[in-house]
Amino acid sequence: MLTENRPLFSSSSAGIRYVCVHDRAGVHMALRAAGLAEYGGCVGLLSPPGAVAYMGVGWWHALMNDAAESARQPFVHVLDCDSSPAGALMALRCGQQTAILRPQNPQYETIRALYAQEKATLLPQRPPSFNLIMPLSAISSLVGYFAHGYCQHQHPENNVPDTRQKKDCSP
(Lines give C-alpha, C1' and ligand atoms only; values in the text may rest on other atoms or scores of the structure.)
Protein backbone atom coordinates (compact mmCIF):
# COMPACT_ATOMS: atom_id res chain seq x y z
CA MET A 1 0.00 0.00 0.00
CA LEU A 2 1.55 3.30 -1.06
CA THR A 3 -0.63 5.68 0.91
CA GLU A 4 1.02 7.23 3.92
CA ASN A 5 -1.70 8.16 6.40
CA ARG A 6 0.74 9.71 8.86
CA PRO A 7 1.48 13.11 10.38
CA LEU A 8 2.67 15.32 7.54
CA PHE A 9 4.57 18.06 9.23
CA SER A 10 6.73 16.07 11.62
CA SER A 11 9.83 16.89 9.59
CA SER A 12 9.13 18.94 6.48
CA SER A 13 6.28 19.40 4.06
CA ALA A 14 8.50 20.91 1.37
CA GLY A 15 8.36 17.73 -0.72
CA ILE A 16 4.56 17.55 -0.72
CA ARG A 17 2.40 19.06 -3.44
CA TYR A 18 -1.28 19.05 -2.56
CA VAL A 19 -4.17 18.54 -4.93
CA CYS A 20 -7.74 19.10 -3.77
CA VAL A 21 -9.70 16.12 -5.10
CA HIS A 22 -13.46 15.68 -5.23
CA ASP A 23 -13.88 12.16 -6.58
CA ARG A 24 -12.22 8.97 -7.80
CA ALA A 25 -11.46 10.40 -11.25
CA GLY A 26 -9.73 13.40 -9.69
CA VAL A 27 -7.62 11.22 -7.40
CA HIS A 28 -6.46 9.07 -10.29
CA MET A 29 -5.81 12.13 -12.47
CA ALA A 30 -3.68 13.73 -9.75
CA LEU A 31 -1.61 10.59 -9.24
CA ARG A 32 -1.28 10.04 -12.99
CA ALA A 33 -0.17 13.66 -13.55
CA ALA A 34 2.47 13.34 -10.83
CA GLY A 35 3.80 10.27 -12.60
CA LEU A 36 3.78 11.97 -16.01
CA ALA A 37 5.67 14.91 -14.52
CA GLU A 38 8.15 12.47 -12.97
CA TYR A 39 7.49 14.20 -9.67
CA GLY A 40 9.86 12.77 -7.08
CA GLY A 41 8.13 14.13 -4.00
CA CYS A 42 5.08 12.98 -2.15
CA VAL A 43 1.62 13.77 -3.50
CA GLY A 44 -0.79 15.24 -0.98
CA LEU A 45 -4.45 14.44 -1.60
CA LEU A 46 -6.62 17.05 0.08
CA SER A 47 -10.38 16.73 0.55
CA PRO A 48 -12.68 19.58 -0.46
CA PRO A 49 -13.26 22.25 2.21
CA GLY A 50 -15.51 20.94 4.98
CA ALA A 51 -15.85 17.54 3.30
CA VAL A 52 -16.32 15.68 6.57
CA ALA A 53 -19.76 17.31 6.99
CA TYR A 54 -21.23 16.51 3.58
CA MET A 55 -19.21 13.54 2.33
CA GLY A 56 -18.17 11.86 5.56
CA VAL A 57 -15.17 10.02 6.93
CA GLY A 58 -16.23 6.70 5.36
CA TRP A 59 -16.38 8.27 1.90
CA TRP A 60 -12.88 9.72 2.29
CA HIS A 61 -11.37 6.47 3.54
CA ALA A 62 -13.04 4.46 0.75
CA LEU A 63 -11.66 6.94 -1.80
CA MET A 64 -8.15 6.74 -0.32
CA ASN A 65 -8.24 2.93 -0.10
CA ASP A 66 -9.25 2.80 -3.76
CA ALA A 67 -6.37 5.12 -4.63
CA ALA A 68 -3.90 3.00 -2.65
CA GLU A 69 -4.79 -0.08 -4.68
CA SER A 70 -3.67 1.47 -7.95
CA ALA A 71 -1.14 4.15 -6.93
CA ARG A 72 2.38 3.84 -8.25
CA GLN A 73 3.88 6.44 -5.95
CA PRO A 74 3.48 7.38 -2.30
CA PHE A 75 0.84 9.83 -1.24
CA VAL A 76 -0.54 11.31 1.95
CA HIS A 77 -4.10 12.44 2.54
CA VAL A 78 -5.75 15.17 4.57
CA LEU A 79 -9.44 15.38 5.50
CA ASP A 80 -10.89 18.89 5.93
CA CYS A 81 -13.23 19.06 8.92
CA ASP A 82 -13.70 22.85 8.63
CA SER A 83 -15.15 23.91 12.01
CA SER A 84 -16.60 20.54 13.07
CA PRO A 85 -14.88 19.17 16.18
CA ALA A 86 -17.21 16.15 16.05
CA GLY A 87 -16.12 15.45 12.47
CA ALA A 88 -12.44 15.78 13.43
CA LEU A 89 -12.93 13.45 16.38
CA MET A 90 -14.82 10.90 14.26
CA ALA A 91 -12.04 11.06 11.65
CA LEU A 92 -9.42 10.40 14.33
CA ARG A 93 -11.41 7.46 15.73
CA CYS A 94 -11.60 6.01 12.20
CA GLY A 95 -7.82 6.19 11.79
CA GLN A 96 -7.34 9.49 9.97
CA GLN A 97 -3.83 10.68 10.77
CA THR A 98 -4.07 14.21 9.39
CA ALA A 99 -7.07 16.50 9.40
CA ILE A 100 -7.90 20.19 9.30
CA LEU A 101 -9.94 21.96 11.99
CA ARG A 102 -10.25 25.73 12.19
CA PRO A 103 -8.63 27.06 15.40
CA GLN A 104 -11.50 29.52 15.99
CA ASN A 105 -13.48 26.57 17.28
CA PRO A 106 -13.76 26.51 21.12
CA GLN A 107 -12.88 22.79 21.22
CA TYR A 108 -9.83 23.16 18.97
CA GLU A 109 -7.22 22.73 21.73
CA THR A 110 -8.99 19.67 23.12
CA ILE A 111 -9.19 18.01 19.71
CA ARG A 112 -5.58 18.98 18.95
CA ALA A 113 -4.48 17.33 22.22
CA LEU A 114 -6.35 14.14 21.28
CA TYR A 115 -4.65 14.12 17.85
CA ALA A 116 -1.26 14.61 19.52
CA GLN A 117 -2.00 11.78 21.94
CA GLU A 118 -2.62 9.47 18.94
CA LYS A 119 0.52 10.81 17.17
CA ALA A 120 -1.70 12.34 14.49
CA THR A 121 -1.68 15.88 13.12
CA LEU A 122 -4.42 18.48 13.29
CA LEU A 123 -3.80 21.39 10.94
CA PRO A 124 -5.29 24.84 11.65
CA GLN A 125 -5.68 25.69 7.94
CA ARG A 126 -5.57 24.20 4.48
CA PRO A 127 -2.14 23.97 2.87
CA PRO A 128 -1.69 25.65 -0.53
CA SER A 129 -3.03 23.31 -3.19
CA PHE A 130 -4.08 22.84 -6.78
CA ASN A 131 -7.86 22.69 -6.78
CA LEU A 132 -8.79 20.05 -9.32
CA ILE A 133 -12.23 21.09 -10.52
CA MET A 134 -13.71 18.86 -13.21
CA PRO A 135 -14.05 18.87 -16.09
CA LEU A 136 -10.44 19.60 -16.85
CA SER A 137 -10.00 19.49 -20.60
CA ALA A 138 -6.28 18.80 -20.44
CA ILE A 139 -4.05 17.24 -17.84
CA SER A 140 -1.26 19.67 -18.77
CA SER A 141 -2.01 22.20 -16.01
CA LEU A 142 -1.81 19.51 -13.36
CA VAL A 143 1.39 18.07 -14.85
CA GLY A 144 2.81 21.61 -14.81
CA TYR A 145 1.93 21.94 -11.15
CA PHE A 146 3.86 18.79 -10.23
CA ALA A 147 6.73 19.51 -12.61
CA HIS A 148 7.23 23.18 -11.79
CA GLY A 149 5.49 23.79 -8.48
CA TYR A 150 3.01 26.41 -9.63
CA CYS A 151 0.99 27.33 -6.62
CA GLN A 152 -0.76 30.11 -4.81
CA HIS A 153 -1.51 30.99 -1.26
CA GLN A 154 -5.21 30.41 -1.25
CA HIS A 155 -7.75 33.10 -0.76
CA PRO A 156 -11.04 31.71 0.61
CA GLU A 157 -12.97 33.00 -2.41
CA ASN A 158 -10.48 31.83 -5.03
CA ASN A 159 -9.23 28.26 -4.87
CA VAL A 160 -7.94 28.18 -8.44
CA PRO A 161 -4.15 28.39 -8.72
CA ASP A 162 -2.54 31.24 -10.59
CA THR A 163 -0.23 29.51 -13.06
CA ARG A 164 1.13 32.69 -14.64
CA GLN A 165 4.29 32.59 -12.56
CA LYS A 166 6.06 30.42 -10.04
CA LYS A 167 5.31 31.34 -6.48
CA ASP A 168 6.69 30.38 -3.12
CA CYS A 169 4.39 27.70 -1.67
CA SER A 170 6.02 27.45 1.73
CA PRO A 171 3.61 27.84 4.65
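Predicted model: local features only at pLDDT ≥ 70, side-chain atom pairs only at ≥ 80, totals over all residues.
Figure 1. The protein chain holds six helices and six strands. Of the 171 residues in the protein chain, 49% are buried, and the chain exposes about 8600 Å², of which carbon and sulfur atoms supply 52%. Among contacts between residues at least 6 apart in sequence, 63% join residues that are at least 24 apart.

**Figure 2. Strand 2 and its two neighbours.** Five of the five residues of strand 2 are buried, and both faces of the strand are covered, with Cys42, Gly44 and Leu46 on one side and Val43 and Leu45 on the other. Strand 1 and strand 2 run parallel and are joined by five bridges, and within this pairing Tyr18 stands opposite Gly44 in strand 2. The chain passes from strand 1 through helix 1 to strand 2 in a β-α-β crossover that is right-handed. Strand 2 also pairs in the parallel sense with strand 3, here over four bridges, and Leu46 stands opposite Val78 in strand 3.

Figure 3. The structure holds five salt bridges, one of which joins Asp66 and Arg24, whose closest N and O atoms are 2.8 Å apart. Because Asp66 lies in helix 3 (residues 57-70) and Arg24 lies in helix 1, the pair ties together parts that are 42 residues apart in sequence.

Figure 4. Strand 3 (residues 75-80) and strand 4 (residues 98-100) pair in the parallel sense over two bridges, and Asp80 stands opposite Ile100 in strand 4. The side chains of Asp80 and Arg102 meet in a salt bridge with an N to O distance of 3.3 Å. Since Arg102 lies in the loop between strand 4 and helix 5, whereas Asp80 lies in strand 3, this pair ties together parts that are 22 residues apart in sequence. Asp80 is buried, with a relative accessible area of 0%, and Arg102 is buried as well, with a relative accessible area of 18%. Asp80 and Arg102 belong, together with Asp82 and Arg126, to a network of salt bridges.

Figure 5. Glu109 forms a salt bridge with Arg112, and the closest N and O atoms of the two residues are 2.6 Å apart. The two residues are three residues apart in helix 5, so about one helical turn separates Glu109 from Arg112. Glu109 counts as partly exposed at 46% relative accessibility, and Arg112 is likewise partly exposed, with a relative accessible area of 37%.

Terms used
Residues numbered from 1 in each chain as written. Heavy atoms only, no water. Pairing = 2+ DSSP bridges. Buried < 20%, exposed > 50% of the residue type's maximum accessible area, 1.4 Å probe, protein only. Contact = heavy atoms within 4.5 Å. Areas by Shrake-Rupley, 256 points an atom, 1.4 Å probe, with all protein chains shown as cover. Right-handed = clockwise from strand over helix to strand, strands pointing away. Salt bridge = Lys/Arg side-chain N within 4 Å of Asp/Glu carboxyl O.
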